[in-house]
Amino acid sequence: MSNLIGIFLGMALINNFILARFLGLCPFFGVSKKMSNAISMGLAVLLVMTGASFVTWFIFHYVLVPYNVQFMHIVVFILVIAVFVQIIEMAIRRTNITLYNALGIYLPLITTNCAVLGVTLINMNENFSLAEAVVSALGGGFGFMLVLAMMSNIRERLDLADLPDSFRGIPVAMLVAMLLGLAFLGFGGMI
Amino acid sequence: MGRVLETFINGITKSNPTFILLLGLCPTLAVSTSLDNAIGMTAAVMFVLIASNITVSIIKKFVPSMVRIPTFIVIIATFVTITDLSMQAYLPSLSQSLGIFVPLIVVNCIILGRAEAFASKNSVKDSFADALGIGLGFGVAIFIVSFIRQLLGTGEMSLFSWVLFKVPGLSDNPMAIFILPMGAFLVIAFLLAMFRYMGVMEGE
């Protein structure tokens, strides 16, 4: 149990996907302008990450390993993620139209989010069990959502700040990310 | 010939994938801790980009437009697998230090972006020039970032274990923050601001 908590905290805070591993930066800078969008995107990523980790774990251990074709993992994982995103999109549209409208265009974009493929590859490299893989995906997704929400809040305020013209937009967002990253370094001693 | 050359030059300057289009930031930030990594990553990205651009351009007539994106992804994933396995076999130490970012080339927006925006509409020759230009543009960007980070973060410049030069004073007390992940954000933020100040990014 403590092992699982360790994995969760490690993925969410210490090795945060955005600030320490540099995965999923495109949505991070693209969608972090408004708080509500950021939360929707974070939620969608959390959902897809957990689902994709669950599915790819079974495929890796019950299909790729028995037939000795582990070298196919890149092709297989990306296809699984693409299909999974499609299915989730259809399922959400049928069951919860409000959520669907809130997530909107962000769902299809997740296919090419490197954080999702990243978490499945990390699970495979670390040889996680099923429970560990799901917990690591939950942690990673939670950390992603947390940083995205913090960032959007800061950027909403930055719009009002008096910045030099050349720093407006992305450059200052990167500086903020740097400061957030420094703050997150403090979590390093937790485990 | 003029058009091919223009496509090639555009990839490095006017549509530089990293500094102007802001695509594929993840690898640029993550592996830019040393020049060795930068060169290795550029080589890997260029190989995949050229191979996938040519393949997509050849098969563009046979692929129904409804399934084109999945087709492109499978093509890219195949070339990425080739790159990943060859790198593990012949350059194990480089493969170790690039780590997860070699398989992640598959979701690099630069490559899928070029396949969709350029190679699926243009001839094989133009697609090759485009891939070469965009690949070099990515290379130039990651090279600049790694140069600054390695210089300030370690105080010395080395390439494949040859030490080129040391900065007196700095090599004893390097500014370690530039090697840490935060350093990448800092360097890119200032580079982007600088390019914008110089008017390169006016069209944004």
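1. Have a look at its backbone, because most residues other than glycine have a negative phi. A:Phe22 has a positive phi of about 60°, and it is not a glycine. Is A:Phe22 buried or exposed? With 28 other C-beta atoms within 10 Å, A:Phe22 is buried. Bear in mind throughout that this is a predicted model.

2. Now try A:Asn127, which you'll find in the loop between α7 (114-125) and α8 of chain A. This residue is not a glycine either, and its phi is positive at about 55°. What about its surroundings? A:Asn127 has 8 C-beta neighbours inside 10 Å and therefore counts as exposed, the cut-off being 12 or fewer.

3. How far can you trust chain A? Its pLDDT averages 82, and 96% of the residues score at least 70. Within chain A, confidence is lowest in helix α6 (residues 106-109), where the mean is 71. At the other end is α8(A), which has the highest value, 88. As a rule of reading, where pLDDT is low, the predicted coordinates should not be read in detail.

4. On to the overall build of chain A. It has nine helices and zero strands, so to check whether it is as compact as a globular protein of its length, look at the radius of gyration: 17 Å, close to the 16 Å that the globule rule gives for 191 residues, and so the answer is that it is. The C-alpha trace spans about 60 × 45 × 30 Å along its principal axes. Of the 191 residues, 46% count as buried. If you take contacts in chain A between residues at least 6 apart in sequence, 80% of them join residues at least 24 apart.

5. Chain B is built with eight helices and two strands. Reading from the N terminus, its elements go α-α-α-α-α-α-α-β-β-α. Its radius of gyration is 18 Å, close to the 17 Å from the globule rule for 204 residues, so chain B is as compact as a globular protein of that length. Its C-alpha atoms fill a box of roughly 60 × 45 × 30 Å along the principal axes, and 44% of its 204 residues count as buried. Among contacts in chain B between residues at least 6 apart in sequence, 74% join residues at least 24 apart.

6. Next, the place where the chains meet. The contact takes 27 residues from chain A and 31 residues from chain B. On the chain B side, α2 (25-30), α4 (68-90), α6 (109-119) and α8 (181-197) each supply at least two residues. Which of them gives the most? That's α8(B), with 10 residues. By type, the chain B side divides into 27 nonpolar, two polar and two charged residues.

7. Finally, the largest nonpolar core, which has 109 residues. The members that touch the most other members are A:Val45, A:Val48, A:Val116, A:Leu117, B:Ile76, B:Val106 and B:Phe185. The largest share of this core, 11 residues, comes from α8(A). To see one member up close, click on A:Val45: leaving aside its neighbours within four places in sequence, its contacts include A:Ile110, A:Val116, A:Phe144 and A:Met145.

Conventions: Residues numbered from 1 in each chain as written. Chains lettered and ligands numbered in written order. Predicted model: local features only at pLDDT ≥ 70, side-chain atom pairs only at ≥ 80, totals over all residues. Contact = placed C-beta atoms within 7 Å. Helix = DSSP H or I, 4+ residues; strand = E, 2+ residues; numbered from the N terminus. Nonpolar A, V, L, I, M, F, W, Y, C, P; charged D, E, K, R; others polar. Rg over C-alpha atoms; globule rule 2.2 N^0.38 Å. Buried ≥ 20, exposed ≤ 12 C-beta atoms within 10 Å, placed from the backbone. pLDDT = per-residue confidence, 0-100. Core = buried A, V, L, I, M, F, W, Y, C linked by C-beta atoms within 7 Å.
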